[in-house]
Amino acid sequence: QEHGGKEITIVNPAQFPDKAAVSEYLEPVVLGTILAPDSYTGKIMSMCLSRRAIQKNIVYIDDQRVMMKYLFPLNEIVVDFYDQLKSLSSGYASFDYENAGYQTAELIKMDILLNGKPVEELATIVQRDRAYSTGKSMCERLKDAIPRQMFEIAIQAAIGSKIIARETIKAYRNNVLAKCYGGDITRKMKLLKKQAEGKKKMRLIGRVEVPKDAFINVLK
């Protein structure tokens, strides 16, 4: 919501306005209904709390089934909430939700950088107090998803100009000293220095390819 009361809708993190330009941030919320066997109630409640949900109601339908209603931020359920719910309830729980408007939130834009270059597709809007944990998790998943290259790849999560998390994918190493048996140490040092300079140049001009299936896995 801008100063003066006008509301603007953001659908792309690239359009996310600076805090100085708005009076408050609003995020969409939904009212979710979960039906599950009573034996899974504790696990489901813990999962909902980890998704910033607010419990609105809990009703025991009979001796074995319970109905829980939670107010969820929409971005906490759109990717993998249903899969996780099914997994921890052995497939017995069901989930439905309806639009419940908007609520104020402390939001911030987080960028993902590969060798210092932002990847627009991986930019995301996160809760301010969860930015570090989210950034660290995304960097770790990217490290597992991106194949190793002939040059080192730095994966960074950043808020503005501040780096909050980093992972590094080490480069493949070619043993340039394999054919050097004995001899002057100076020659070996020159070979290693030349290799380091070559990898530095490759890092500057090399393009990091991110597999397509990595995007959805990283954003989970």
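Visitor: How many helices and strands does the protein chain have?
Guide: The protein chain contains five helices and nine strands. Please keep in mind that this is a predicted model.

Visitor: In what order do the elements run from the N terminus on?
Guide: Starting at the N terminus, the order is β-α-β-β-α-β-β-β-β-α-β-β-α-α.

Visitor: Which strands form the open sheet, and in what order?
Guide: Four strands make up this open sheet, arranged S2-S3-S1-S4 with antiparallel pairing. At the edges are strand S2 (54-60) and strand S4 (94-105), each of which pairs on one side only. On average, neighbouring strands of the sheet are turned by 15 degrees against each other, direction ignored.

Visitor: How many bridges join S1 to S3?
Guide: Nine bridges connect strand S1 (residues 25-37) with strand S3 (residues 65-73), and the two run antiparallel. Within this pairing, glycine 32 is found opposite tyrosine 70 in S3.

Visitor: Now the helices. Where does H1 lie?
Guide: Helix H1, residues 41-50, lies across S1, S2 and S3, and runs at about 5 degrees to S3.

Visitor: And which strands does H2 lie across?
Guide: Helix H2, residues 81-88, lies across S1, S3 and S4, at about 135 degrees to S4.

Notes. Residues numbered from 1 in each chain as written. Predicted model: local features only at pLDDT ≥ 70, side-chain atom pairs only at ≥ 80, totals over all residues. Heavy atoms only, no water. Pairing = 2+ DSSP bridges. Axes fitted to C-alpha atoms, helices over the stretch in contact; angles between N-to-C directions. Contact = heavy atoms within 4.5 Å.
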